[in-house]
Amino acid sequence: MARKEIIALLLAGGQGSRLGVLTKNIAKPAVLFGGKYRIIDFTLSNCINSNIDTVGVLTQYQPLKLHSHIGIGKPWDLDRRNGGVTILTPYQRQEKGEWYSGTADAVLQNISYVEELSPKYVIILSGDHIYKMNYSEMLEFHKKKNADATISVIDVPWEEASRYGIMSVTENSKIYEFEEKPGNPKSTLASMGIYIFNWEILKDYLQKDHDNPNSEHDFGKNIIPGMLKDGRKLYAYKFVGYWRDVGTIQAYWESNMNLTERIPEFNLFDPYWRIYTLNPVYPAHFIGETGKVMKSIVAEGCIIHGTVINSVIFPGVTVQEGTVIQDSIIMSDAFIGANTEINCCIIGEGSVVGNSVRIGVGEFAENRYNPKVYNTNITVVGYNTVIPNGTILGRNVVIDNHIIPQDFTSSVIPSGGYLIKGGDEQ
Amino acid sequence: MKRAMGIILTGGKNNRLKELSSERSIAAVPFGGKYRAIDFTLSNMVNSGIVNVGVMTQYSIRSLIDHLGSGKEWDLDRKTDGLRIFPPYLSETGTGWYKGSADALYNNLTFLERSDEEFVVIANGYSIYNMDYGPMLEQHVDKDADITIACRALDDLTENDRKTLGIVEIDQDSRIVDFKEKPLNPTGNLGSMGVYIMKRKFLIELLEDSAAKGYTDLVMDIIIRSLDSMRIYAYIFTGYWRPLNSIQLYYRANMDLLDPRIRRELLMDRRKIYTKVKDEAPAKYNEEACVKNSIVADGCIIEGTVENSILLRGVRVMKGVHISNSILMQGSTVQEDAQLNYCILDKGVVITSGKTLNGDQEWPLIVGKNIIV
């Protein structure tokens, strides 16, 4: 196999637990985003658009959807004889089998994958963010600085800085201090969780980290601080542009809504930076005689007879006559009945909303199921769920995946209410 | 249906579709929002279980070859069988340009000889329909026919449409007793769909025999001459079918997709129509958009009024624009306050601000590729 200069390791094993029912059965990178994509598509497309043609995708949490989505990497032109996409799941070894216990551990457990390709550099990515970035420019920077590791950073507002890993850098972009989620941040340069390492050096640190029983085996918490302590040359590569962690319901909703702006900050129409995904086989969408669509994005296969305002509609959605959908995200293949009103809501893939249903009624109330996750005006309806005719749902309501009409004990669920089946959610 | 192989004929040179087919084969004409005409026949073959498909191409083949690629979208990028494209070629015995459908097949006899399916389904690549060839093959076997031709009642086609077809007469047993190709005064209500089934070995013999006689056309030289000597049967198809034989047929077939019943039968069936994927973003509607009874493909950005129209990929409709009863192909742009009625814009057309273009329902106005109006 021809040697690669750089390969990517894409960490896609996280649950993203703050997306609630949306990530109950699928990993966060596999969550639908932007009218036809899944979150991981943005990072995978960045790879191929940056001429990185060898990508190891490390999966762990609920990987089924992710695996079937990625397949052999065809949509991204990553079905290669030499390189391409490889899915790396935790596996059994002779002595024992182990789950990935942290981001660094996940890479360590796949050392043999990297060794076989023996690249000079490795770029560590996560499949959780929405952004367009040319990694090859970051690599140029890394080489020019003759760095041992380069961390991509973005300027964040002071008030948010304590949520991130914050770097302090010299004029020359050399990192001299790194603090994970500091109480009193000393700078506003936040780590984006994107690292380029010289593989030989990283390998050493991974091994050392593995042998340290007190380590959490995390890049941000252990590997980077360790390298810094040893006086390694770490540089910060400043990224300017749209970058969002869509890890909460609010952030996820907002980021989708951004796309309906006249000139969105994040442009999906860029012919020089296409976002690739597994395209469903659907005809172009149809807007009926009674249909009305404004300030929205609508994907293929949809049939719209109702009114859609300020919303994101994924492939294969049907909206019946007399229905008004506003400020909402309707995922693939959902069916919305007639004379229904949907306000500020996320409807999961394959769900059915009956006739004369009203969603998003009334005022905000604290969620009685899990206020840590559900704490906005947004009502979330899970995947493959049926909302029977005439149901009324308030705001900040959560309805589980796979709910059938018989699960409803009342036709009204007021704001802050929930309908969750017994199961494995926290 | 590993029992049959498929051959798609993409047609000779003609300007049936005027500007739309002057630079591309009719089989490659964009249709219905995101498709090319050939997608229908090719998907029909794949959905009928045919995985060994040859496409005979002749004129203006660049866009067709670009579209078909390796056959990936139809799952025809196979190690064994799959999609093969046969443009004309020169050799010591080969004659260059195909002189007709039979000549095209004869020049690629090796393909027929090396295949091992018992039957061949031959179909043209410029008809819009969603059909399972399986039952037709069953009937072919049951009737012990030499050739079976798919036929359809022509109630929903005009006299002018019929003049572009082969008109067929059958007896009580569905045996074809008369076949008139493109008659000036069409009588009879049954038309050939240009889909033929026969045994592969039978076709090889037929082609060798006709080559010796100097015959070049499958219909005119072989079928019509052999009605008495061969058992040629009609298989009656009752679904939606339109050959893109004229601008009127092309225009109406596109507009037919606005009918939910036809759209469902053609495009939303469990037998899906596959096409080359372009990775466009979902369509975007801005505040001023007003779209009614229209089909809109990915990649469009709309801020004007659109009704009874079909927008293919990546069309831009700016503010104050009014489009009705029109077909806009990939990447065309309609600038502020322009008005279009009964128009067909080919790929990449730009209609500048304030222009008004009016066609007629029977003669839609066609604007050729990349023209700036």
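## Chain B at a glance

Chain B of this predicted model has ten helices and 28 strands. Here helices (H or I, at least four residues) and strands (E, at least two) are DSSP runs, numbered from the N terminus. As this is a predicted model, local features need pLDDT of at least 70 and side-chain atom pairs count only at pLDDT 80 or more, while totals for chains, interfaces and linings use all residues. Residues are numbered from 1 along each chain as its sequence is written, chains are lettered from A and ligands numbered from 1 in the order in which they are written, and side-chain values use heavy atoms, with hydrogens and water left out.

How does the radius of gyration of chain B agree with that of a compact globule? For 373 residues such a globule would come out near 21 Å, and chain B has 21 Å, which agrees. (The radius is taken over C-alpha atoms, and the globule rule is 2.2 Å times the number of residues to the power 0.38.) Along the principal axes, the C-alpha atoms of chain B fill a box of roughly 65 × 45 × 35 Å.

Of the 373 residues in chain B, 60% count as buried; buried means under 20% relative accessible area, exposed over 50%, and partly exposed in between (1.4 Å probe, protein chains only). Among contacts (heavy atoms within 4.5 Å) in chain B with a separation of 6 or more, 58% come from residues 24 or more positions apart.

## A sheet within chain B

Five strands of chain B form an open sheet in the order β15-β18-β21-β24-β27, with parallel pairing. Strands count as paired if DSSP finds at least two bridges between them. At the edges stand β15 (290-292) and β27 (356-358) of chain B, each with a single partner strand, so one side of each has no neighbour in the sheet. From one strand to the next, the twist averages 5°.

Inside this sheet, β18 (residues 305-307) and β21 (residues 322-324) of chain B pair in the parallel sense over three bridges. Val306(B) sits opposite Ile323(B) in β21(B).

## A sheet across both chains

Another open sheet has twelve strands and mixed pairing, in the order β33(A)-β31(A)-β28(A)-β25(A)-β22(A)-β19(A)-β16(A)-β14(B)-β17(B)-β20(B)-β23(B)-β26(B). Its edge strands are β33 (418-419) of chain A and β26 (350-351) of chain B, each pairing on one side only.

On the chain A side, β19 (residues 312-313) and β22 (residues 329-330) run parallel and are joined by two bridges. Ile313(A) has Ile330(A) as its bridge partner in β22(A).

## Two packed helices in chain A

Helix α6 (residues 199-211) and helix α7 (residues 219-229) of chain A pack at about 115°, with axes 10 Å apart. (Axes are lines fitted to C-alpha atoms, for helices over the stretch in contact, and angles run from 0 to 180 degrees between N-to-C directions.) Residues of α6(A) that meet α7(A) include Ile201(A), Leu202(A) and Tyr205(A); the α7(A) side includes Phe219(A), Ile223(A) and Met227(A).

## A few loop residues

Is Asn396(A) buried or exposed? Asn396(A) lies in the loop between β30 (392-394) and β31 (398-399) of chain A, and counts as buried at 1% relative accessibility. Its phi is near 55°, a positive value in a residue other than glycine.

Asn308(B), in the loop between β18 and β19 (310-311) of chain B, also has a positive phi, about 45°. Asn308(B) is partly exposed at 24% relative accessibility.

Lys18(B) is in the loop between β1 (4-9) and β2 (30-31) of chain B and is partly exposed, at 34%. Leaving aside neighbours within four places in sequence, Lys18(B) is in contact with Ile247(B), Trp363(B) and Ile366(B).
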